[in-house]
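Student: I would like to work through this structure with you, one question at a time, before I plan anything around it.

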Amino acid sequence: MNPYLLIVLLTSLGLGTALTLSSTHWLLAWLGLEVGTLAILPLMAQRHHPRATEAATKYFIVQATAAATLLFAAFNNAWLQGHSDIQHMSHPLFTSMITLALLLKLGLAPMHTWMPQVIQGVSLNTGLIVSTWQKIAPFILLLQIKQIHPPLLTIIGLASILIGGWGGLNQTQLRKILAYSSIAHLGWILLILQHSTALATYALLIYIFMTSATFITLKKCKATTINMLTTTWTKAPTITLVAPLMLLSLGGLPPLSGFAPKWFILQELTQLNFIPHASIAAMAALLSLSYYLRLSYSITLSLSPNNLPECLQWRVNYPISTPLSSALPAALALTLFLLPLTPSALTLII
Amino acid sequence: MPSLHIILTTSFIITLVILISPVFTSILYKSLNPIWHTHHIKTAVKMAFFTSLLPLFLHVHTGTELTITNLHWMNIMTFDINTSIKLDHLSITFVPIALYVTWAILEFASWYMKSDPNINQFFKFLLIFLIAMVTLVTANNMFQLFIGWEGVGIMSFLLIGWWWARADANTAALQAVLYNRVGDVGLIFALGWMATNLNSWEMQQMFITAKSLDMNAPVIGLILAATGKSAQFGLHPWLPSAMEGPTPVSALLHSSTMVVAGIFLLVRLMPLMQDNPFALTTCLILGALTTLFTTICALTQNDIKKIIAFSTSSQLGLMMVTIGLNQPYLAFLHICTHAFFKAMLFLCSRVIIHALKNEQDIRKMGGLHYLIPTTTSCLTIGSLALMGTPFLAGFFSKDAIIEALNNSYLNAWALALTLLATSLTAAYSLRMIFFVYMNFPRFPALSPINENIKSITNPLKRLAWGTILAGLLMTCAVLPPKPPMLSMPPYIKLTALVITILGLTIALELALFTNKQRPYMPKQYFYFSTMLGYYPTIMHRFFPYTFLKLSQTIASMTIDQTSLEKTGPKTITSLNLSLATTTSNIQKGMNKTFLSLFFTTLMIIILLNYY
């Protein structure tokens, strides 16, 4: 893509999120969200093959619906309450509507069906942006809304974790797997949103690091299906070594950093006496873990019968070191080794 | 005599040391001397026998009995277990007899097993068996008795399976161990009961404290133990199968010493049982049933060793009947006299089998009377003693038992069975004698018939002297503790003799039928006897099959398949599989899916909000 165009689009993307983050009025928040949506659409439809176009279209429809509902509910609330402050919403109906709109934007169950299709349709880099950057703005808005009806968040959160687990089990396309994994992680965040904003933020941060590391690794291996993952050991042996750890961190296993958010969320839920929620969430995490294990098994733990020439892969485009790929070590380090630093990390957020 | 007890103690300890020393010397230096066995073990047993005669004479002369307690072995709180040796009439009399019989058998075995490369090990096994038997007999507490009990059981297993490459021998050894184990359950139960209720395993304390308690439970355990070890009906099939072992094993273990261990246990613990009419009746009926059943089985056996095995079993039943009559002294007397003639019968049978090149079927023997006169004479003496011919060894015990049986007010059915068994004893003994060495030879012409070897004739002669004199010596030496009935009508007095002669003549008459042609008699009449009463056929198949099937049902089907597979992991797998398929099938790439879901959820929230 033309570098000027790229700069404009990426700047608008950042601008959109920044606008949302710094707003107190619903109109500005909606504005930021729309800017972000519009900015990413050309990025998604970069390659003009039908799949990318379809993904861009679907994304636009989803985000537009959500933004429209958001605006409608915000203005109704302003009419009833007299002000448009994000942090002082009190009308329960419109609070729920806004929450639902934001959850549609995030791609949580039961409105999740667009996520796998969109992320599958776009390239890995854009998928990374959709999965990570685009989640920040709606999340911040969700944080600021008080008095959300608690069962709403709990049911949707648990449903997301379960659907994220079950959906990913039947997939071979890696981007769809990562889409379901993001649904599951956002479900975890949603569970704790009402009770501890610090933990929710921390969970989102760790999720962003882990997902970035995964997407960059996949980009490096040029792998989009599980079968293509199996030849990683010829292309980048170091990645073959580290990839299982990264995937298991996504799955939430100690002593990797992905364990910390799950651990604290479960602890918080238990302390608040939400035992069934904690149990279901913990059990459903096993479902996601099974497909992460499947991936790590294909990368590292199995070797298909091959002959000597296969050990040297034909590399047509030698991967040029892009800015994104230089972020891989940082992302990996944060994915794997952050667990001992959790107390200090939490104090940063609180 | 002032220091009587010291002499008794010391001589008995010396006997034990002489017996145990070859075991230790064999551990200490491995000698490749091929005749080590003869020099060490047989000599040791001989010396031990002569040494043990000293306690015997002292006891007979003065009536001394003593108990040696030397080692406080262990204690569990207030429960002490010592090693103590009780030298009373029973053990002082039994040990020399056992040593005498073992000496004869070892001398015989040194000829018989001469070509076996592991002969030293064989003799060592026999010696260890003997030590275990002596431990059992001289035990003053139940723990030591149990050690001896288990010891003889294990040695029996090792010795029956001596020729372990033969599948039948292994099966027989296993059978012996299993049946003995079932009896051991009774013994262990009795041990436990005594430990908890009588607070001691020392016999003296047990006899005193048991006077006031209801002793039904432990004596049933003891009777079960005796049933297992002494092959009473119900746990009897191992004894005929144990004939797979070498003949010295059969002669020593399964005729004289090991199988009488069960009866000996009951004799030793008689004070516990003598006030318990239930136990006495059980012994009586069990013994009568055993003796008749095994005698019927012995009538149609064609293997000479099996005939003698069944005869042993039937004599054991007779001993059990005696215990049921509350006459332990007579039972013990029969144990001692039976040892002599039964061992001799086994040794004679082995000489005959060897002479005919390992032919064990009596239908293929005959006419041996002129060819191996010593052996056949000893066979005759032994059989006559078995039948209870007046003034041979068997007479003093057997006739006394039958007299006591006739004069008691106990079960008439047991009496009838025992008398019938006595006459049938005469019948099968005559059958054996008739087929083995009367009439004309039925074996092939070139048979290595030779009995001119000292190692054969000397033991046989010694045992024959024992058979003739032992009963007399024992009855003259010691007064019976219970006064026998001395006055009875002549027909009662002569019952045993008349019955025996009746059985003998009928059997002789039937045997002479073989010289004449007679109408064909269908074989069904014999099936019960030849199939050993169908007992092994039913029991050896039915119970193992039932238990194995039950265990398979429980372990494999209930636990494994149901709990661990179907209700657990497999259900979860199928459930999750269907849910995963459903979830991924929602993705059809249609916009209306998420839009409609969003709309529906919105409506639900709105509606819920207003309620």
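Student: Leaving aside its neighbours within four places in sequence, which residues is B:Asn358 in contact with?

Tutor: Please keep in mind throughout that this is a predicted model. B:Asn358 sits in the loop between α15 (328-355) and α16 (373-387) of chain B. Once its neighbours within four places in sequence are left aside, the residues in contact with B:Asn358 are B:Arg350 and B:Ile353.

Student: With which side chain does the side chain of B:Asn358 make a polar contact?

Tutor: B:Arg350 and B:Ile353 are both in contact with B:Asn358, and a polar contact needs a pair of N or O atoms within 3.5 Å. A separation of 3.0 Å links the side chain of B:Asn358 to its polar partner, which is the side chain of B:Arg350.

Student: Is B:Asn358 buried or exposed?

Tutor: The cut-off for an exposed residue is a relative accessible area over 50%. B:Asn358 has a relative accessible area of 54%, and therefore it counts as exposed.

Student: How far apart are the C-alpha atoms of B:Asn358 and B:Ser447?

Tutor: Along the chain, B:Asn358 and B:Ser447 are 89 residues apart.

Student: Turning to another residue, why does B:Thr294 count as buried?

Tutor: B:Thr294 belongs to helix α13 (residues 277-299) of chain B. Leaving aside its neighbours within four places in sequence, this threonine is in contact with B:Phe310, B:Ser313 and B:Ser314. Buried means under 20% relative accessible area, and B:Thr294 counts as buried because its relative accessibility is 1%.

Student: Which backbone oxygen does the side chain of B:Thr294 reach?

Tutor: The residue lies within helix α13 of chain B, and its side chain reaches a backbone oxygen at 2.7 Å. That oxygen belongs to B:Thr290.

Student: How many helices and strands does chain B have, and how many does chain A have?

Tutor: In chain B, where buried residues make up 55% of the 611 residues, the secondary structure comes to 24 helices and two strands. In chain A, where 56% of the 350 residues count as buried, there are 17 helices and zero strands.

Student: What feature does UniProt place at residues 1-18 of chain A?

Tutor: In the model, residues 1-18 of chain A are 89% helix and 0% strand, with the end C-alpha atoms 24 Å apart. The name given to these residues comes from the UniProt record, an unreviewed entry, and that name is "signal peptide".

Student: How many residue pairs are in polar contact between chain B and chain A?

Tutor: On the chain B side, 23 residues are in contact with 29 residues of chain A. The two chains bury about 2,200 Å² between them, with 72% of it on carbon and sulfur atoms. The count of salt bridges between chain B and chain A is zero, whereas the count of residue pairs in polar contact, with both at pLDDT 80 or more, is seven.

Student: Which element gives the largest share of the side of chain B that touches chain A?

Tutor: Two elements of chain B, α23 (535-585) and α24 (591-609), each give two or more residues to the side that touches chain A. The residues of that side divide into 12 nonpolar, 10 polar and one charged. The largest share, 11 residues, comes from α24(B).

Notes
Residues numbered from 1 in each chain as written. Chains lettered and ligands numbered in written order. Predicted model: local features only at pLDDT ≥ 70, side-chain atom pairs only at ≥ 80, totals over all residues. Heavy atoms only, no water. Contact = heavy atoms within 4.5 Å. Buried area = accessible area lost by both parts, 1.4 Å probe. Salt bridge = Lys/Arg side-chain N within 4 Å of Asp/Glu carboxyl O. Polar contact = N/O pair within 3.5 Å; in protein donor to acceptor, adjacent residues only side chain to side chain. Helix = DSSP H or I, 4+ residues; strand = E, 2+ residues; numbered from the N terminus. Nonpolar A, V, L, I, M, F, W, Y, C, P; charged D, E, K, R; others polar. UniProt positions renumbered as here; feature names shortened; annotations may be inferred. Buried < 20%, exposed > 50% of the residue type's maximum accessible area, 1.4 Å probe, protein only.
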